[in-house]
Amino acid sequence: MTQPLELDTEEAVNIPDVLPVLPIRDAVVFPYIILPLSVGRESGLSAVNRALEDSRMILLVSQRDSEQEEPTAKDLFEVGTVAAIMRMLKLPDGRIRILVQGLARARLGAVHQTEPFLKARVEPIAVAAEEAETGSAVEADALMRSVRERLEQAAGLGRSISPDVLVIAASLHDPGRLADLAASNLELEVDEAQGLLEITDPLRRLSEVSSLLNREIQVLTVQQEISSEARGEMDRSQREYFLRQQLKAIQQELGESDELGEEITAFRKLAADKKLSDEATEEMERQIRRLERSHPDSAETTITRTFLEWLTGLPWGETSEDRLDLDDAREVLNEDHYDLEKVKERILEFLAVRKLKSDTKGPLLCFVGPPGVGKTSLGRSIARAMGRKFVRLSLGGVRDEAEIRGHRRTYVGALPGRILQSLNQAGTNNPVFMLDEIDKIGSDYRGDPSSALLEVL
């Protein structure tokens with residue numbers, strides 16, 4: 001038994017009362033739309049084969065949950081589309097590819113069969129005359145013109161809409177069909193597309209599609225602006241690179257040297273000779289890239305250049321070899337100082353521990369006494385005995401933490417702390433440091449140098 005369905009056009013389609021049901025994932029098929037579908041589930045293959053044997057018609061209904069492998073009638077939306085299977089192609093992996101054309105909206109009715117595929121009663125949804133005539137002809141014409149214009153605008157902004165679709169849209173005079181055509185060419189979520197499918201009033205459906213097109217145009221406009229800005233940045237970078245290459249060529253023709261380029265080459269050579277650590281090498285490359293992008297006369301270039309000079313000037317791989325001969329050390333101490341036997345014995349004990357355990361870290365020698373008793377000269381004697389460089393750092397009157405920690409690099413003329421400066425002067429990374437007058441460090445509003453010194457030690 002079949003019944004004619006009067007569609008919102010002059011055509012009439014005979015739809016059987018009961019049809020096989022094909023659940024589809026992540027898609028909604030609208031009437032009059034031709035769409036390819038891939039079918040891989042056993043139940044879907046059986047439903048398609050039965051439809052081909054009978055009337056070639058099948059009810060396409062979207063799943064509520066696309067992850068559901070074997071959906072039942074409860075897992076499907078209530079409204080779907082009756083479609084005609086136009087073509088079928090079998091694939092090597094066992095799946096089939098079908099080309100369907102939507103015919104009419106229909107409601108999923110009582111289930112007649114669940115195995116081996118779902119078969120249910122079909123309740124066609126006809127467009128009621130009073131719904132089709134809702135609203136004035138002027139409103140319908142205005143909405144249709146608006147949707148056509150927005151479709152063209154979306155296509156111009158990059159939405160992949162075929163020119164044939166625009167031609168068909170221009171020739172349609174039915175609000176419902178135009179709404180379905182426009183909705184099928186928008187990348188809508190399943191819930192949004194299903195909501196449009198369930199609206200039977202053509203004008204209301206067209207109005208919803210118009211709102212969705214407005215949103216799509218706004219998104220496309222912002223996307224195009226972002227792309228234009230990115231393209232502009234890239235074009236500007238390419239232009240700057242091209243101009244710099246031209247400037248370099250002109251300087252070579254004039255016999256002028258590229259001072260900044262020579263400096264960068266020198267910094268890289270120094271870094272290779274100094275055998276910087278991985279962390280220092282990474283920081284140096286970052287600063288060199290910044291220097292390459294900077295204007296030669298800018299303040300930032302001066303700051304970066306100063307930092308690189310200090311970074312490559314430090315004695316990274318320069319280490320003095322220790323000479324831990326206790327007899328020689330005793331002889332040096334006796335040559336340089338008369339008496340002070342207890343002090344000399346303590347120094348020799350310290351050197352003996354260093355000889356037994358060369359990787360000892362942390363112990364410090366603290367010399368206490370009035371001015372002129374030989375505290376500084378004892379440190380110099382220790383350095384001579386061990387074969388190391390000697391560095392004296394006077395901390396008397398230091399009140400600024402920056403003297404210990406170093407200044408922030410953002411300041412023009414920023415310098416590292418005095419300990420790093422002394423290392424640079426010594427030329428080795430293991431000199432004997434004499435921190436002189438450590439008891440005369442003061443603190444004021446510029447910070448507490450003693451706390452900064454404790455952190456360093």
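Reader: Before I dig in, what are the ground rules here?

Author: It's a predicted model: local features need pLDDT of at least 70, side-chain atom pairs count only at pLDDT 80 or more, and totals for chains, interfaces and linings use all residues. Residues are numbered from 1 along each chain as its sequence is written, and side-chain values use heavy atoms, with hydrogens and water left out.

Reader: What is the mean pLDDT of the protein?

Author: First the idea: pLDDT is the predictor's confidence in each residue, from 0 to 100. Here the mean is 79, and 92% of the residues reach 70 or more. Residues 1-11 stay under 50, and for them the model has 34 contacts (heavy atoms within 4.5 Å) beyond four places in sequence. Residues 128-135 are also below 50, with eight contacts beyond near neighbours in sequence. Where pLDDT is low, the predicted coordinates should not be read in detail.

Reader: OK, on to strands. Why is β5 described as largely enclosed?

Author: Start with the labels: helices (H or I, at least four residues) and strands (E, at least two) are DSSP runs, numbered from the N terminus. Buried means under 20% relative accessible area, exposed over 50%, and partly exposed in between (1.4 Å probe, protein chains only). In β5, residues 57-62, six of the six residues are buried, so the strand is largely enclosed by the rest of the structure.

Reader: And which residues sit on each side of β5?

Author: In a regular strand the side chains alternate between the two faces of the sheet. For β5, Met 57, Leu 59 and Val 61 are on one side, Ile 58, Leu 60 and Ser 62 on the other, and all are buried.

Reader: Which strand pairs with β5 in the parallel sense, and which in the antiparallel sense?

Author: Two strands pair if DSSP finds at least two bridges between them. β3 (residues 18-24) pairs with β5 in the parallel sense over four bridges, with Leu 22 opposite Leu 60. β6 (residues 79-90) pairs with β5 in the antiparallel sense, also over four bridges, and there Leu 59 faces Val 82.

Reader: How many bridges join β3 to β8?

Author: Three, in the antiparallel sense, with β8 covering residues 119-124. Leu 19 stands opposite Ala 120 in that pairing. β8 is also joined to β7 (residues 96-113) by five antiparallel bridges, one of them between Arg 107 and Glu 123. β7 and β8 form a hairpin with five residues between them.

Reader: Helices next. Is α5 largely enclosed or exposed?

Author: An α-helix has 3.6 residues a turn, so residues three or four places apart point the same way. In α5, eight of the ten residues are buried, so the helix is largely enclosed by the rest of the structure. Among the buried ones are Leu 178, Asp 180 and Leu 181.

Reader: Where is Asn 185, and is it buried or exposed?

Author: Asn 185 lies in the loop between α5 (175-184) and α6 (190-197). It is buried, at 18% relative accessible area. Leaving aside neighbours within four places in sequence, Asn 185 is in contact with Arg 159, Ile 161 and Val 165.
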